[in-house]
Amino acid sequence: MEWYEELDFDENPFKKETKTVGYDDLLDDMMYGIVSGHMMFIEGAPGSGKTKLLKEAIRRFGGHGKVIYVNCKKLHKELNVERLLKDRYGWFATKVLNKKPKNMILLLDEVEHLSQKNCERIKYYYDQNYLRAVVFAGTDFELAGLNESIQQRIHKKLIVKELSDYEAVQVVREKIGEDLLSDRVIKYIYNVSNKNNKKFLENCETVCKVAAKNKDLKEEDVDKILEESTITAVTK
């Protein structure tokens with residue numbers, strides 16, 4: 001039996017998408033920019049929550065068949081924007097009705113891996129209104145390698161900042177409720193994770209596996225659990 005099943009969860013709560021905490025203003029700005037037809041850049045450190053913001057856009061618009069998400073790091077060849085648009089728009093519309101896809105939303109993650117050729121393709125399809133809005137996400141706008149014509153079209157740069165300790169607690173509460181970890185332990189895990197959201201949630205899951213059997217964990221217990229987990233991962 002998995003640790004979360006012992007707590008009456010049907011699935012691992014840390015693998016389940018939950019409410020976005022601490023990014024309300026960023027989400028509002030991003031959604032407004034998309035609806036308004038802008039290009040935007042989301043800047044943040046690795047693991048800070050950029051992908052989660054993009055996934056929220058997918059959740060809100062995805063049901064309308066208008067959203068394309070691409071992780072540029074996983075591209076094995078040049079980005080074929082036209083093919084992506086047609087695949088998303090549907091075979092019947094593009095082949096039988098001969099309709100060209102319009103007003104699509106393109107979400108590009110890890111854009112530091114995007115080539116100059118792909119930048120030009122994106123600019124063309126955006127200027128021709130095939131793309132209604134484009135959201136780029138990367139660690140640093142200045143170092144992303146976007147060409148000048150794309151940079152000139154960026155309407156707004158959104159910066160993902162660290163969560164406060166209080167917000168970090170709320171993130172975990174959304175996932176596991178009130179009983180398993182204390183606020184003090186959650187805050188401690190957040191800080192020993194260097195306030196990196198991705199690492200924070202990974203460490204919380206590691207601690208929860210032990211806390212499922214011992215709910216009286218203290219901060220000093222966290223250090224031991226994470227240290228043992230690191231040793232185990234290295235020796236595998």
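These legends describe close-up views of a predicted model. Local features need pLDDT of at least 70, side-chain atom pairs count only at pLDDT 80 or more, and totals for chains, interfaces and linings use all residues. Residues are numbered from 1 along each chain as its sequence is written, and side-chain values use heavy atoms, with hydrogens and water left out.

**View 1. The largest pocket and its lining.** Domain 1 (24–159) and domain 2 (163–230) both give residues to the lining, so the largest pocket lies between them; the domain bounds come from an automatic or database assignment. A pocket is an open set of points on a 1 Å grid where a 1.4 Å probe fits, with protein on both sides within 12 Å along at least five of seven lines, and lining residues have an atom within 4 Å of a point. Of the 36 lining residues, Gly47, Gly49, Thr51, Lys52 and Lys198 lie nearest the centre.

**View 2. The salt bridge of Asp127 and Arg153.** The closest N and O atoms are 3.0 Å apart; a salt bridge needs a side-chain nitrogen of Lys or Arg within 4 Å of a carboxyl oxygen of Asp or Glu. Asp127 is partly exposed at 35% relative accessible area, and Arg153 is partly exposed at 27% (buried is under 20%, exposed over 50%, partly exposed in between, with a 1.4 Å probe and protein chains only).

**View 3. The salt bridge of Arg173 and Glu178.** The N to O distance is 3.3 Å. Arg173 is buried at 10% relative accessibility, whereas Glu178 is exposed at 58%.

**View 4. The salt bridge of Arg184 and Glu219.** The closest N and O atoms lie 3.0 Å apart. Arg184 is exposed at 62%, while Glu219 is buried at 17%.
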